[in-house]
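Please find below a short note on this model, written for someone who has not looked at it before. The points are numbered for reference.

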Amino acid sequence: IEHRPWLFLDLADPSGSAADVQAMLGAVGVFERTCRTVYRVDHTGVQVIAGALGLPPVAATARGLGHSAAAIRTRLGISQVVITSPGFDAVATAAGEVVLSASPGAHPRPERKAGFNVGYCLGLLLGLGSEDGCRLGSATAACRHRTRGADLDQVIGWLRAWADGHLAARC
């Protein structure tokens, strides 16, 4: 039986020298040998990462983020790349790329990043697909932004309100 756990990497500040960033990216791919590796980067860091990999600048559009996530994933040779931004969340897997509107109220601040990461990782552990993982990440990010935290019932309520098109229910 082959066991390949998930490894979620969020290397928050890729602002070192180009050589440092390239060395870090080289190390990311090594983890894929034993783990299903997910690398999350935000809309500002993705420009640095793309440049270090010799990829073109990333367009801040749904299509641009999706294509860039796929190109970075292929270049690194890992299972998933997730890009979060103010307007969209994009994830690329071997099956393709998915781009979703970022949830209302989920702002690209440190609190949102932590909230997104928690929800996305929970989605991985629950066996959700990348699209539902992004939705769960967005929901936990929005709840994290609106309060100091949220319990599971609050996150589920927020997801239902979002799916129904009204966000009267607040975390």
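1. Glu131 counts as partly exposed, at 34% relative accessibility; here buried means under 20% relative accessible area, exposed over 50%, and partly exposed in between, with a 1.4 Å probe and protein chains only. The side chain of Glu131 meets that of Arg135 in a salt bridge, 2.8 Å from N to O. A salt bridge is taken as a side-chain nitrogen of Lys or Arg within 4 Å of a carboxyl oxygen of Asp or Glu. Both residues belong to helix α5 (residues 130-146) and sit four residues apart, about one turn of the helix. Helices (H or I, at least four residues) and strands (E, at least two) are DSSP runs numbered from the N terminus.

2. This is a predicted model, in which local features need pLDDT of at least 70 and side-chain atom pairs count only at pLDDT 80 or more, while totals for chains, interfaces and linings use all residues. Residues are numbered from 1 along each chain as its sequence is written, and side-chain values use heavy atoms, with hydrogens and water left out.

3. Arg135 is partly exposed, with a relative accessible area of 31%. Arg135 also forms a salt bridge with Asp132, where the closest N and O atoms are 3.1 Å apart. Asp132 and Arg135 are three residues apart in helix α5, so about one helical turn separates them. Salt bridges with shared partners join Glu131, Asp132 and Arg135 into one network. Asp132 is partly exposed as well, at a relative accessible area of 38%.

4. How many salt bridges does the structure hold? There are four. One of them pairs Asp10 with Arg40, with 2.9 Å between the closest N and O atoms. Asp10 lies in strand β1 (residues 6-10) and Arg40 in strand β2 (residues 36-42), so the pair ties together parts that are 30 residues apart in sequence.

5. Pro86 is in the loop between β3 (80-84) and β4 (88-93). Its relative accessible area is 47%, so Pro86 is partly exposed.

6. A point on confidence: pLDDT is the predictor's confidence in each residue, from 0 to 100. The protein has a mean pLDDT of 81, and 78% of its residues reach 70 or more. Over residues 167-171 pLDDT stays under 50. For that stretch the model has 13 contacts beyond four places in sequence, a contact being heavy atoms within 4.5 Å.
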